[in-house]
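Welcome! Open your viewer, switch to a cartoon view, and let's walk through this structure one selection at a time.

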Amino acid sequence: MKAKFLTLFLGGLLLFSCDSEKKTPKYQEFEGIAGTVEYRVKYISTDTTSLKSSVDSIVRVIDNSLSVYNEESILSKINKGYVPTKADEHFKKVYTAASEVWKESEGMYDPTVGIFVKVWGFGGESVQPISELPTDELLDSLKRYVGFDKVKIDADGYVKKESQPIQIDLTSVVRGYTVDVIGDFLKKKGIDNYVVKVAGEIKASGKNIIDGKTWVIDVVDPYQLDDNYSEITLKLDNEAVSTDESFRRVWIDGTGKRFVHIINPFTGKPLESEMLSATVVTKSSRQSDSYATMFMLIGLEKSKAFLSKHPEIKALLIYSDKDNKVQSFMTENMKPLLVEHK
């Protein structure tokens, strides 16, 4: 009887030990490329079941909807003039988000500048310098194909353009939106502590509970105005960060003049602005992604005015002053996020 009781006791203790070990939170991490999108996911969970195939599927579905680099995406078909083309739910949500930023920027942020982007050699994944600059006459003739109000989604979900040549590029919302969708998926799986990165857009949720501290994230250093891609470190607490800049995706002509990938929708020409970079922290990655681009377009003073009305947004803006010296503007709520390297 004693032997039987001892066996049951030891068996129960063994089960308890195994169960305790199983419930120990551990880092889970994976990365991949789905469609035309590169991503990385890190999270803390007691469940070691791989979620990579599920995340691959999520990223691929969004890529098949909204990528300008995927020839078979819904967006690419619309740009090619296929009609009728019906928007899926991802397309509708990103379109709505882009519309909001377009209005907030008074039209400077415009996802229909695609036709100008191609003319200036920035239409592909790699920059293609052009041998002959487009004339003012050509740019003026193309302006009729630019304006986000010329793209509508009707009641049946079909995308309508006023003119077939209108080109739509929602990249500055899509990457951040993809981060948010992956994050929502992890939440549904009961995972509250994670970091998700898609291209350069990053979102951190919860805490690093294993080390007992806030997530510490490396992002592109907005002060590093060259191709070295150094990093700065931020502490993120349930926040997302994005950086847009005007000094890397560029080409230079024979006279030494620089042409940047950010296009002014009203002139049809590459941006000529004091803005060098914008690093933005918000609650959603979709917002940080699109606002970083918007600030580059609307310039320093309008960005500062916008930020004063939106104290929930944290930002670091790098710009060139009238003497061509690099300066910075940082919101007060951004300063506590910076981690000094020793």
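Keep in mind that this is a predicted model. Start by selecting helix 4. Its buried residues are covered by elements that include helix 2, helix 3 (74-80), strand 3 (151-153), strand 4 (159-161), helix 7 (171-188) and helix 8 (285-298). Now show the side chains: His 90, Phe 91, Val 94, Tyr 95, Ala 97, Ala 98, Ser 99, Val 101 and Trp 102 are the buried ones in helix 4.

How far apart are the end C-alpha atoms of helix 4 (residues 89-104)? They are 23 Å apart, which agrees with the 22 Å that its 16 residues should span at 1.5 Å a residue.

Next, look at both ends of this helix. Select Asp 88, which caps the N-terminal end of helix 4: one of its side-chain oxygens lies 3.3 Å from the backbone nitrogen of His 90.

Eight strands form an open sheet, paired antiparallel in the order 1-2-5-6-9-12-13-14. Select strand 1 (26-34) and strand 14 (326-330) to see the edge strands, each of which pairs on one side only. On average, neighbouring strands of this sheet are turned by 10° against each other, direction ignored.

Zoom in on strand 5 (residues 194-198) and strand 6 (residues 201-205), an antiparallel pair with five bridges. Here Tyr 194 stands opposite Ser 205.

Finish with two helices. Helix 2 (residues 52-66) packs on the sheet and touches strand 1 and strand 2 (37-45), making about 35° with the direction of strand 1. Helix 9 (residues 300-309) lies across strand 12 (275-282), strand 13 (314-320) and strand 14, at about 165° to strand 13.

Terms used:
Residues numbered from 1 in each chain as written. Predicted model: local features only at pLDDT ≥ 70, side-chain atom pairs only at ≥ 80, totals over all residues. Heavy atoms only, no water. Pairing = 2+ DSSP bridges. Helix = DSSP H or I, 4+ residues; strand = E, 2+ residues; numbered from the N terminus. Axes fitted to C-alpha atoms, helices over the stretch in contact; angles between N-to-C directions. Contact = heavy atoms within 4.5 Å. Expected span 1.5 Å × (residues − 1). Buried < 20%, exposed > 50% of the residue type's maximum accessible area, 1.4 Å probe, protein only. Polar contact = N/O pair within 3.5 Å; in protein donor to acceptor, adjacent residues only side chain to side chain.
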